Amino acid sequence: MDVAFNVTRKCNKGCDYCYLNLTGEDLPLERITEIVESSNPETVTLTGGEPLMYPHIEDLLGFLSERKTHVHLLSNGILLDDYLSVIREADAELFVTCNEPNERVSQNLHRANREGIDVNLHHVLTKESITSLDDICQDLDFAKSLLLLYPTDLGDGKVEMYKPDEWFPLLDSAISKTQSYGIKTYFEQAFAKKGSQLEKQQPCPTGEDLFIDSDGKSYPCCLLVDKMQGSVEPTPIRITPERCYFIRNNPLPESSEYIRICPIVITDKYDGSLQFPSHLGDNE
Ligand SMILES: C[S@@+](CC[C@H](N)C(=O)[O-])C[C@H]1O[C@@H](n2cnc3c(N)ncnc32)[C@H](O)[C@@H]1O
Ligand code: SF4
């Protein structure tokens with residue numbers, strides 16, 4: 001089993017598409033060490049907020065390094081230059097979101113690559129962001145992989161939701177760009193037709209691993225957040241086993257009310273309305 005920790009809700013960027021409520025709280029270091037010691041994971045993912053703003057990040061990386069735990073560090077890349085040596089010593093792998101060219105992040109990633117750190121990219125794909133993809137890939141063609149993320153939102157209108165006839169051509173075009181630079185590309189399954197086998201069987205893209213949020217509670221995945229931790233006025237949605245593949249096959253989580261921001265979107269018609277799996281039960 002692997003474990004992901006949302007170590008902080010601090011961030012130094014404030015992306016307009018970000019799904020998180022950046023309240024500034026930190027996950028106590030003792031909670032992390034306690035969970036790692038009891039579950040002994042092979043890989044620990046550190047995310048946030050911006051994990052490099054976590055006050056105990058150096059101690060945490062040192063602790064994981066001593067245990068020889070493999071680390072995936074998700075970051076916006078801005079503060080990397082201050083932490084490259086500790087990241088290298090911990091043999092951590094980087095996953096940095098690049099949605100637009102950024103001189104400082106680019107320099108940091110080139111340095112990380114020169115120092116032998118594995119660099120992977122995340123990109124929240126939109127009609128605007130795709131115009132930067134060529135520049136990003138050309139600049140960072142040493143990246144081991146690139147994950148194209150479907151932009152999901154909490155219904156507050158901050159993020160444009162794509163219909164399948166917009167999303168698939170956008171995704172195809174992005175993949176042909178990234179692959180032409182030799183970068184291994186992954187993407188999230190953003191749509192499944194309602195009632196299809198895919199809808200019933202589709203494994204959750206976030207996997208089946210433990211996720212600990214900055215409130216110290218465990219959640220079935222990083223895309224289900226406690227109703228108090230989401231957007232300003234979230235609509236609480238009760239996620240039941242019927243509505244979520246993941247919790248259908250796993251023990252129920254501690255809290256039963258979640259906001260769903262999972263990128264799997266179920267469609268009734270390929271040209272028509274979108275429905276989140278969490279809403280299906282309300283209409284049936
Ligand atoms: C919340 S961020 C935390 C790590 C780090 N601050 C970063 O931006 O990479 C975790 C991942 O979620 C992605 N993300 C943020 N908002 C998103 C959204 N509305 N839809 C899809 N992915 C999103 C980011 O691009 C990043 O890959
Ligand atoms: S996506 Fe990452 S960098 Fe952007 S605001 Fe959210 S936590 Fe910060």
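Mentor: With a ligand shell: the residues around ligand 2 divide into 4 nonpolar, 4 polar and 2 charged. Here Ala, Val, Leu, Ile, Met, Phe, Trp, Tyr, Cys and Pro count as nonpolar, Asp, Glu, Lys and Arg as charged, and the others, Gly among them, as polar. A residue belongs to the shell if its C-beta atom, placed from the backbone, lies within 6 Å of the molecule.

Trainee: Which residues are around ligand 2?

Mentor: Cys11, Lys13, Gly14, Cys15, Cys18, Leu20, Gly48, Gly49, Glu50 and Asn76. Before going on, note that this is a predicted model, in which local features need pLDDT of at least 70 and side-chain atom pairs count only at pLDDT 80 or more, while totals for chains, interfaces and linings use all residues. Residues are numbered from 1 along each chain as its sequence is written, and chains are lettered from A and ligands numbered from 1 in the order in which they are written.

Trainee: Which residues come nearest to ligand 1?

Mentor: Tyr19, Leu74, Thr97, His122 and Leu149, out of 19 residues around ligand 1. Strand 2 (43–48), strand 3 (70–75) and strand 5 (119–124) each give two or more residues to that shell. Helices (H or I, at least four residues) and strands (E, at least two) are DSSP runs, numbered from the N terminus. By class, the shell around ligand 1 has 10 nonpolar, 7 polar and 2 charged residues.

Trainee: How many helices and strands are there in the protein chain?

Mentor: The protein chain has 9 helices and 15 strands. Of its 284 residues, 35% are buried. A residue is buried if 20 or more other C-beta atoms lie within 10 Å of its own, exposed if 12 or fewer, and partly exposed in between.

Trainee: How is burial read along a helix?

Mentor: An α-helix has 3.6 residues a turn, so residues three or four places apart point the same way. In helix 5 (residues 130–139), Leu133, Ile136 and Cys137 are buried. They cover an arc of only 90° around the axis, taken from the directions of the C-beta atoms, which puts them on the same side of helix 5. Thr131 and Gln138, on the other side, are exposed. The buried residues of helix 5 pack against strand 5 and helix 6 (164–180).

Trainee: Is strand 1 enclosed or exposed?

Mentor: Strand 1 (residues 3–8) is largely enclosed by the rest of the structure, because 6 of its 6 residues are buried. Strand 1 pairs with strand 2 in the parallel sense over 5 bridges; pairing requires that DSSP finds at least two bridges. Ala4 stands opposite Thr45 in strand 2.

Trainee: What does Glu42 contact?

Mentor: Two residues are in contact if their C-beta atoms lie within 7 Å. Leaving aside neighbours within four places in sequence, Glu42 is in contact with Asp2 and His70. Glu42 and Asp2 are 40 residues apart in sequence, yet 5.9 Å apart in space, C-alpha to C-alpha. Glu42 lies in the loop between helix 1 (29–39) and strand 2, and counts as exposed because it has 11 C-beta neighbours inside 10 Å.

Trainee: Where is Lys68 found?

Mentor: Lys68 is in the loop between helix 2 (57–66) and strand 3. Lys68 has a positive phi of about 60° although it is not a glycine.
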